[in-house]
Amino acid sequence: MNVFKYSNDNKRYHTLAFEGRVYKACINAGLSCPNYCIFCSEKSKLFTSEGSITEQLIKEKERIFKKYGEVPLCAYFQSGTNTNAPVEKLKELYDEALNFEGVTSLSIATRFDCLGDDVLDLLSDYNNKVPLTVELGLQTIHREDYSLFLEKYEELKRRNIKVCLHLMDGLPGETEEMMIDTAKVVGKLDPDALKIHLTYVVEGTKLCEMYKTGKYEPMSFDSYVSTVVKQLEYIPAATVIERLTGDGDKRTLVAPLWSTDKIKVLGTIDKLFASLDTYQGSKYNKNAL
Ligand code: SF4
């Protein structure tokens, strides 16, 4: 018998597999960020032309159909900040994706400091037409602009737009307690979906300089696994956990190298959940202070 309501296998957290897979066709629309996070490696990508939206979707469709057969596609605006342009330009980009045969939904990754009222209205319009998810990078609640995040998150929820929040473990200066506090606070927001990322040290980033000069220590395997399990205890069971390991570029990854063994990371998370006999949401209490 499954111990966890949202699982049909040995998972003790609510996976996308349980919900029904979404086939994401990844798009780089070339939209940059207003400023760059110290760990980010996207900058270099944004200056690399990957072709028009349609050209990218043709390639992605081929890749996905080859692997999974003819499935509905979600156009995933992944790289950079995909609301960082005038709304007319954004509309052109989103429409081009939606007009591509086989695309039935939209997923738009962005930052909360790039969600002006005009953009929120535009997203609302799309949300009324097609399934839309906004992927919102929060990373941690221990940041000066957390109140701005909250304001924008609530605006999205008021407009019934699905939100997938991104958290990041192992940021410089963060302790395990701080990461767990982030999960406690985020859990109470009842996000539709959540991704937890590990902080990678990637060649060419500011974080890489810090690492090479001994100013940054990446998380250990054991510490990441146990932090993730503790964090998920505070996330409501209904929240879909879309990701617990990243897909860092192995060619530019400097540390931690253990992160490349995704199967081991996920398997150890499952084992730890079972050995502690705990599961996602076991400590979730919306009304607790
Ligand atoms: S918001 Fe995302 S893409 Fe932009 S700099 Fe930060 S991590 Fe990179």
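User: What kind of network links Lys 24, Glu 135, Lys 195 and Glu 242?

Analyst: Those residues are joined in a network of salt bridges. Before going on: this is a predicted model, where local features need pLDDT of at least 70 and side-chain atom pairs count only at pLDDT 80 or more, while totals for chains, interfaces and linings use all residues. Residues are numbered from 1 along each chain as its sequence is written, and side-chain values use heavy atoms, with hydrogens and water left out.

User: What makes Lys 24 and Glu 242 a salt bridge?

Analyst: A salt bridge needs a side-chain nitrogen of Lys or Arg within 4 Å of a carboxyl oxygen of Asp or Glu. Here the N to O distance is 3.3 Å, so the pair passes. Lys 24 sits in strand 1 and Glu 242 in strand 8 (residues 240-243), 218 residues apart, so this one links distant parts of the chain. By the way, helices (H or I, at least four residues) and strands (E, at least two) are DSSP runs, numbered from the N terminus.

User: How many salt bridges does the structure hold?

Analyst: There are 17. Another one joins Asp 113 and Arg 111, with the closest N and O atoms 2.9 Å apart.

User: Why is Arg 111 called buried, and what is Asp 113 called?

Analyst: Buried means under 20% relative accessible area, exposed means over 50%, and partly exposed is in between (1.4 Å probe, protein chains only). Arg 111 has 15%, so it counts as buried. Asp 113 has 35%, so it is partly exposed.

User: What does the salt bridge between Glu 233 and Lys 283 tie together?

Analyst: The side chains meet at 3.2 Å, N to O. Glu 233 lies in the loop between helix 9 (221-232) and strand 8, and Lys 283 in the segment after helix 10 (262-275), so the pair ties together parts that are 50 residues apart in sequence. Glu 233 is buried at 7%, whereas Lys 283 is partly exposed at 44%.

User: How do you know that the span of helix 4 agrees with what it should be?

Analyst: The expected span is 1.5 Å times one less than the number of residues. For the 12 residues of helix 4 (residues 87-98) that gives 16 Å, and the end C-alpha atoms are 16 Å apart, so the two agree.

User: Which residues of helix 4 are buried, and what puts them on the same side?

Analyst: They are Val 87, Leu 90, Leu 93, Tyr 94, Ala 97 and Leu 98. They cover an arc of only 135 degrees around the axis, which puts them on the same side of helix 4; the arc is that of the directions from the helix axis to the C-beta atoms. The face turned away carries the exposed Glu 88 and Glu 92.

User: Why is strand 3 described as largely enclosed?

Analyst: Eight of its nine residues are buried, so the rest of the structure largely encloses strand 3. Strand 3 runs parallel to strand 2, with five bridges joining them; pairing takes at least two DSSP bridges, so they qualify.

User: Where is Tyr 76, and is Tyr 76 buried or exposed?

Analyst: Tyr 76 is in strand 2. With 6% relative accessible area, Tyr 76 is buried. Beyond four places in sequence, Tyr 76 touches residues including Lys 24, Glu 135 and Lys 195, where contact means heavy atoms within 4.5 Å.
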